Amino acid sequence: MLRSLFLSALFVLSAPLAKACDLALALAVDVSGSVDAKEFRIQMDGLAEGLRDPLVSEALVRGKAHLMLVQWTGTSRQQISLPWTGITSFSDIDRFADQVATSPRVWRSFSTAIGEALLVTMDAFADAPDCTRNLIDLSGDGFSNEGVEPIRLHPALRAKGITVNAIAIEESEPELTAYFFENVIVGEGAFVVSATGFADYPSRIRKKLLREVTQQTAALQ
């Protein structure tokens with residue numbers, strides 16, 4: 001009997017502890033020159049509403065997620081607009097979503113440096129808590145045309161255990177989803193969601209967030 005109790009206690013002590021945080025999610029939003037003021041507003045409002053979705057917000061709260069917002073455009077023009085923020089209640093979600101919706105645009109007239117955006121966002125995970133899953137959720141409406149090629153960062157992202165998912169806004173680039181699939185996304189279960197244009201963005205980002213926070217995976221949609 002004593003031996004059995006000892007072995008049970010030993011098993012409990014040696015079992016790995018569950019991490020307090022399930023998901024660290026960095027939201028990287030394209031603010032390059034091809035995105036006009038109205039389209040920027042659609043992205044930010046759509047992202048805020050997606051975070052407020054009942055299923056999304058419940059999963060984020062239950063998983064004690066941490067969220068961060070990044071605005072990105074050309075080389076050397078990426079900014080963490082909202083630093084890592086812990087989500088432990090629905091009021092935390094509402095507050096973060098409000099901050100997303102009211103975040104001022106940082107740049108307006110520069111190129112599309114997807115690789116640079118991934119590099120800066122990847123490095124920011126050094127300040128994130130130790131979470132079970134690390135995700136970059138990148139939106140974009142064009143091909144990378146400046147800076148390091150995004151595919152060159154795949155080995156480093158894999159080594160750090162960071163998955164990259166993307167939403168391709170095909171307003172003027174009908175082949176963008178295929179490009180993102182081949183060059184941008186990386187990691188187990190990584191996927192691309194397509195939006196035919198900015199008007200389609202709010203419904204698509206909600207669907208994308210739902211898949212991410214509930215750990216649903218697929219290769220390409």
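Guide: A residue is called buried when its relative accessible area is under 20%, exposed when that area is over 50%, and partly exposed in between. In this predicted model, buried residues make up 51% of the 221 residues in the chain.

Visitor: What elements does the chain hold?
Guide: The chain has 8 helices and 6 strands. Read from the N terminus, their order is α-β-α-α-β-β-α-α-β-α-β-α-β-α.

Visitor: How do you know how confident the predictor was?
Guide: Each residue carries a pLDDT, which is the predictor's confidence from 0 to 100. The chain averages 88, and 88% of its residues reach 70 or more. Among the elements, helix H1 (residues 2–14) has the lowest mean, 43, while helix H6 (residues 154–159) has the highest, 98.

Visitor: In what order do the strands form a sheet?
Guide: The 6 strands form an open sheet in the order E3-E2-E1-E4-E5-E6, with mixed pairing. Strand E3 (78–86) and strand E6 (192–195) are its edge strands.

Visitor: What makes E3 and E6 edge strands?
Guide: Each of them pairs on one side only. As for the twist, it averages 15 degrees from one strand to the next.

Visitor: How do you know that strand E1 and strand E2 pair?
Guide: Two strands count as paired if there are at least two bridges between them. E1 (residues 21–30) and E2 (residues 66–72) have 7 bridges, in the parallel sense, so by that rule they pair. Ala-28 stands opposite Val-70 in E2.

Visitor: What joins E4 to E1 and to E5?
Guide: E1 and E4 run parallel and are joined by 7 bridges. E4 and E5 also pair in the parallel sense, over 7 bridges. Asp-137 of E4 has Leu-27 opposite it, and Asp-137 also stands opposite Asn-165 in E5.

Visitor: Why is E4 called mostly covered?
Guide: The test for a buried residue is a relative accessible area under 20%. In E4, 9 of the 10 residues are buried, so the strand is described as mostly covered.

Visitor: Which helix packs on the sheet, and which strands does it touch?
Guide: Helix H2 (residues 37–52) packs there, touching E1, E2, strand E4 (131–140) and strand E5 (162–169). The direction of H2 makes about 165 degrees with that of E1.

Visitor: Why are H2 and H3 called roughly perpendicular?
Guide: The axes of H2 and helix H3 (residues 54–62) cross at roughly 65 degrees and come within 5 Å. The label covers angles from 65 to 115 degrees, and H2 and H3 are therefore roughly perpendicular to each other.

Visitor: Which residues make that contact?
Guide: H2 supplies Gly-50, Leu-51 and Arg-52, and H3 supplies Pro-54, Val-56, Ser-57 and Leu-60. By class, the contact has 4 nonpolar, 2 polar and 1 charged residues.

Visitor: Where is Arg-95, and why is it called partly exposed?
Guide: Arg-95 is found in helix H4 (residues 90–102). Its relative accessibility is 45%, which falls between the 20% and 50% limits, so Arg-95 counts as partly exposed. Arg-95 and Arg-52 are 43 residues apart along the chain, and their C-alpha atoms are separated by 10.0 Å.

Visitor: What makes the phi of Lys-64 worth a remark?
Guide: Most residues other than glycine have a negative phi. Lys-64 is not a glycine, yet its phi is positive, about 50 degrees. Lys-64 is found in the loop between H3 and E2. At 44% relative accessibility, Lys-64 counts as partly exposed.

Visitor: Where does Ser-76 lie, and why is it called exposed?
Guide: Ser-76 lies in the loop between E2 and E3. Exposed requires a relative accessible area over 50%, and Ser-76 has 65%, so it is exposed. Ser-76 also has a positive phi, near 65 degrees, and is a residue other than glycine.

Notes
Residues numbered from 1 in each chain as written. Predicted model: local features only at pLDDT ≥ 70, side-chain atom pairs only at ≥ 80, totals over all residues. Heavy atoms only, no water. Helix = DSSP H or I, 4+ residues; strand = E, 2+ residues; numbered from the N terminus. Axes fitted to C-alpha atoms, helices over the stretch in contact; angles between N-to-C directions. Contact = heavy atoms within 4.5 Å. Parallel < 35°, antiparallel > 145°, perpendicular 65-115°, else oblique. Nonpolar A, V, L, I, M, F, W, Y, C, P; charged D, E, K, R; others polar. Buried < 20%, exposed > 50% of the residue type's maximum accessible area, 1.4 Å probe, protein only.
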